[in-house]
Amino acid sequence: MLVKRPLAPELSWFPQARFGMFIHFGLYALLGRGEWVMYQERIPREIYEKLMRRFNPRRFDAETWVRTAVRAGARYITVTAKHHDGFCLFDSALTDYKITRTPFGRDLIGELITACHRHDMRIILYYSQPDWHHPNFVNRPGAFKDWPEPRPGDAPDWPRYLRYCHGQVEELCTRYGRIDGIWFDGSHKSEAEWQGRRLYRLIKRHQPHAVVNDRAGYGDFFTPERRLSAAAAAAGYMVEACQSVCQDAWGYKRDARLFSAHYLIESLVRMAAAGGNYLLNIGPAPDGSLPPEQVRRLLDVGAWLRAHGDAIYGTAGCPLREESDDMLYTVRGNRLFLHLLRWPVGDAVLLRRLRYSPRRAFLLKTHAPLRVEAQKDGILLRGLPSLPPDAAVNVIEMRFDGPANKVLLSAPRAPRRRPLIFVPGAPLTLSASDATCAGFGTKGTQIVVRTLREATVRLVREAETYLTNWSKPEQRAFWWIECPRPMRCQVAVEMACPAPYAGSTFTVRVGGQTLRGTVPATRDERHFRRVRLGVISLPAGVHRLCLAPERLQYGYVFANVRCVVMKPCPQMHHKLLRR
Ligand code: GLC
């Protein structure tokens, strides 16, 4: 299992918090080109290390950081204790590559935790298991976030590195009093490699109220990045979507392009309506100060939350129960909140998903009451002003006599696909677009269907599709097939996967039989090859065919899948009928 579901009761503070402030800070801030600068510019470790001598974030003030989070309306802070460059912002006993060995000389993480305790702010520590500095870290060419080639000074030794990594996590859990979570960032290696379950147990042993994210392969919640994943939340998983106010970096970047406050508020609302948290990042400047333009974004969100926080904190989401893409719900007790992401044309909104009328309705920001009219096709709320009271998202609160959650119609069920029927003697192609996909991958992603040939070609040839974005063995694709009579078939799968990612193994299961295969290396991820798996016999009737990975290359790469082809075997077929 990838993450635990449902969330344990002692972790209920986390979904209630709904909004957190993320902070990426480290040596990289000095260069002002984002937190990946060491990797992107292939800076040798002994050169990068020298940044330590210059690292002196004199203007760092834990109080200011925490107070900024409070003013932003954040209910927790997640801060990088160590990022991929391996530099520690805490006073680890296991390395000298740490902040207390810089001219600054203070334990930034310790000070921040103390300030959080003072303000009753929850604190989660980001800890990167990938480490571009530690000599024992084992790099594998092609694995995302691993250093791409061997370097002088490397002494790969996985057990030793794991001891270091687990040891540091234990330090973070035992040296600073209460912490509220550990946020890993190594989703390009498997749970087995990180020993994610052991890490999880270690954290819970010391900090039972701490949440653990999914990026060591086992945790309490999914962490989609720079995008929202309502589907995982709708499936009952805890989800926290992270986003940076800067469009192209998490750590400090000079002249960074920023997202608009409007966009960030809208994202927060979309995530809350899906039932998840939103974690918004800023990257402090090298001197430890918070860049004013980034702070402005956070404070804009904070101002919105001051007026609309009732509709966010402590609410439950209503995934798949929205009125439309721009009219979303959250719910708390007898209160239902309608979030208007676009201001309606005209002075009314018609709600079609309510079973009955609210006792009263009003605009949350101004408390201006609205008239409630039950109509044949829904419930009409009348009396909206012509200009929206808020420039970003507006909220209408509705009060009911009973639990407002019961008022909303339930989510529509996805229709079950019709089986694909064998035409006697002809091969049956189970295409990507006919597949039903299940399960969640790295960071809560899903398998997606993409078009191989563009729409214009569709006129002469049917558009071809393929399944992609497949990153965990828990993810499966299946098809319903119908055999009009008993038959034997050759089964093959068409896959694309360039080296060095080829080599994952997978199964095809149907009619109680299992065939196995290995992903071949192909020219690129859009050139497909057919892998023959073997023969199966199927009785007449409807069957479910399931394609699932077994062992994934790098623990996270499968393949693009165009189709499963089932080719009836003629002679065998006759024999079978004669029997
Ligand atoms: C991405 C970035 C990494 C950042 C993380 C936050 O993985 O590469 O630098 O810390 O997002 O989710």
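These questions and answers cover a helix and some backbone features of a predicted model.

Student: How many of the 14 residues of H11 are buried?
Tutor: Helix H11 spans residues 261-274. Buried here means under 20% relative accessible area. The buried set includes Leu264, Ile265, Glu266 and Met271. H11 is mostly covered, and its buried count is 11 of 14.

Student: What distance does H11 reach from its first C-alpha to its last?
Tutor: H11 has 14 residues. At 1.5 Å a residue, 20 Å is expected. The model is close to that, with a reach of 20 Å.

Student: Is Arg226 buried, partly exposed or exposed?
Tutor: Arg226 sits in the loop between strand E6 (221-222) and helix H10 (230-234). Its phi is positive, about 55°, although Arg226 is not a glycine. Most residues other than glycine have a negative phi. Because its relative accessibility is 26%, Arg226 counts as partly exposed.

Student: What is the relative accessible area of Lys443?
Tutor: Lys443 is in the loop between strand E19 (436-438) and strand E20 (448-451). Lys443 is not a glycine, yet has a positive phi of about 60°. Buried requires under 20%. Lys443 is buried, at 15%.

Student: Where is the peptide bond that is cis?
Tutor: Most peptide bonds are trans. Look in the loop between strand E23 (487-496) and strand E24 (505-510), which holds Pro500. Omega is near 5° for the bond from Ala499 to Pro500.

How values were computed
Residues numbered from 1 in each chain as written. Predicted model: local features only at pLDDT ≥ 70, side-chain atom pairs only at ≥ 80, totals over all residues. Heavy atoms only, no water. Helix = DSSP H or I, 4+ residues; strand = E, 2+ residues; numbered from the N terminus. Expected span 1.5 Å × (residues − 1). Buried < 20%, exposed > 50% of the residue type's maximum accessible area, 1.4 Å probe, protein only.
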